[in-house]
Amino acid sequence: MTDLVPFKRHRRLRSSEAMRQLVRETVLTVDDFIYPLFITEGDNVKNEVPSMPGVYQLSLDQLEKEIIVIDELGIKAVMLFGVPHEKDDVGTGAYIDDGIVQEATRVIKRAVPNMLVVADTCLCEYTEHGHCGVIHEKEVDNDASLKLLAKTAVSQAEAGADIIAPSNMMDGFVAVIREALDRAGFEQIPIMSYAVKYASSFYGPFRDAADSTPQFGDRKTYQMDPANRREALKEADTDVEEGADMVIVKPALSYLDIVREVKNRTNIPVVAYNVSGEYSMVKAAAINGWIDEESLVLEMFTSMKRAGADLILTYYAKEVAAWLQNK
Ligand code: PBG
């Protein structure tokens, strides 16, 4: 009893670990995670990305070994990015039958048939200028790019990709890719659209990993202004109308408000992309011994799920899978 004024006792439900587990609202499982991979040409290549310790560019032979490890950790899906040697003005490497992502898809499906392959559909890793579409008079030409992106998606599906994930931010990309997939007989292949993708400085390390830095200008005419919220809802609504099966919000950490709003608006799965810069910041602090990496990273992903993410794309997926196994 107390002689204080009446008040609520919230601490009752925090009294022990068992009690806390009983009332926990958000739980992480390995099924929530998708692991991105960077695939390059050559033999026996395993290049660590300097700005992303623990993340590698892998050649196909290395990928064949790595995918077994990923599978053993219980991870269900990987996302593929290609790092080809040859680039040109129109991103040919993105949509040729023996392109690096197409070959990587075949290697994975042969080694671990149940592993879901998510193909990132974009041109920036394959164009000399590093933009996500084709250039016409120094501008990214939306409609000309759409044709090549549709071709890329069909070629990825032909190679065996299970999910198409277009990240290019051209207008109409979901509609055009959906139609092209359907016409090619891939009406069962879902589209995980990068519906809400901000022009973010958090992508810096990725551009080292994928060698995709724009050679002139920036991506602000197609990726979104980080200051905008309503625009994110407009983008998400459009992609849902055009037939997206899942929507990505990217980056994640500084954009959890957007994850929540998109979640409240749609019934399809929402994916948070914990991007390269978010990974590198935490990794750097961990390497320096400034944070408790495991508990901080698990807290971060719990916050993404709490915000409404059904799935999380992250370079931490392997480590998280191992941590969750030991819990
Ligand atoms: C390609 C693409 C990018 C990322 C995913 N797909 C880079 C960009 O738009 O510059 C970023 C991923 C990351 O930073 O982890 N368009």
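Buried means under 20% relative accessible area, exposed means over 50%, and partly exposed is in between, with a 1.4 Å probe and protein chains only. By that rule Arg-14 counts as exposed, because its relative accessibility is 52%.

Before going on, the ground rules. This is a predicted model, in which local features need pLDDT of at least 70 and side-chain atom pairs count only at pLDDT 80 or more, while totals for chains, interfaces and linings use all residues. Residues are numbered from 1 along each chain as its sequence is written, and side-chain values use heavy atoms, with hydrogens and water left out.

Back to Arg-14. Arg-14 sits in the segment before α1, which covers 17–23. Helices here are DSSP runs of H or I with at least four residues, strands are runs of E with at least two, and both are numbered from the N terminus. On the surface, Arg-14 gathers with Arg-9, Arg-11 and Arg-12 in a patch of positive charge. A patch takes residues with over 30% relative accessible area and no salt bridge, joining like charges within 9 Å and nonpolar side chains (Val, Leu, Ile, Met, Phe, Trp, Tyr) within 5 Å. For the charges, Lys and Arg count as positive, Asp and Glu as negative, and His and the chain ends are not counted. The place of a charge is NZ of Lys, CZ of Arg, CG of Asp or CD of Glu.

There is also a nonpolar surface patch, made of Leu-4, Val-5 and Phe-7, with about 330 Å² of accessible area together. Accessible areas come from the Shrake-Rupley method with a 1.4 Å probe, and for residues only the protein chains shown count as cover. Val-5 is in the segment before α1, and Val-5 counts as exposed because its relative accessibility is 63%.

Next, salt bridges. A salt bridge is a side-chain nitrogen of Lys or Arg within 4 Å of a carboxyl oxygen of Asp or Glu. The count by this rule is 17.

I will start with Lys-87 and Asp-211, whose closest N and O atoms are 3.5 Å apart. This pair links distant parts of the chain, 124 residues apart: Lys-87 is in the loop between β4 (77–83) and α3 (100–111), and Asp-211 is in the loop between α6 and α7 (230–242). Lys-87 counts as partly exposed at 21% relative accessibility, and Asp-211 is partly exposed at 43%.

Lys-263 and Asp-310 form another salt bridge, at 2.9 Å from N to O. Lys-263 lies in helix α8 (residues 256–265) and Asp-310 in the loop between α10 (293–307) and β12 (311–314), so the pair ties together parts that are 47 residues apart in sequence. Both ends are partly exposed, Lys-263 with a relative accessible area of 25% and Asp-310 with 30%.

What about a pair within one helix, Arg-183 and Glu-179 in α5? Their side chains meet in a salt bridge of 2.8 Å, N to O. They are separated by about one helical turn, because they are 4 residues apart in helix α5 (residues 173–183). Arg-183 is exposed at 65% relative accessible area, whereas Glu-179 is partly exposed at 44%. Finally for this topic, Glu-17, Arg-20 and Arg-24 are linked in a network of salt bridges.

Is Arg-207 buried or exposed? Arg-207 is buried, because its relative accessible area is 18%. Arg-207 belongs to helix α6 (residues 204–210). Leaving aside residues up to four places away in sequence, Arg-207 touches Ser-212, Thr-213, Pro-214, Arg-219 and Gln-223, where contact means heavy atoms within 4.5 Å.

Last, the backbone. Most residues other than glycine have a negative phi, and most peptide bonds are trans. Lys-250 and Pro-251, however, are joined by a cis peptide bond, with omega of about -10°. Pro-251 lies in the loop between β10 (246–250) and α8.

Asn-44 is not a glycine, yet has a positive phi of about 55°. Asn-44 lies in the loop between β1 (33–40) and β2 (46–49) and is exposed, with a relative accessible area of 56%. Lys-138, also not a glycine, has a positive phi of about 65°. Lys-138 is in the loop between β6 (135–136) and β7 (139–140), and counts as exposed at 64% relative accessibility.
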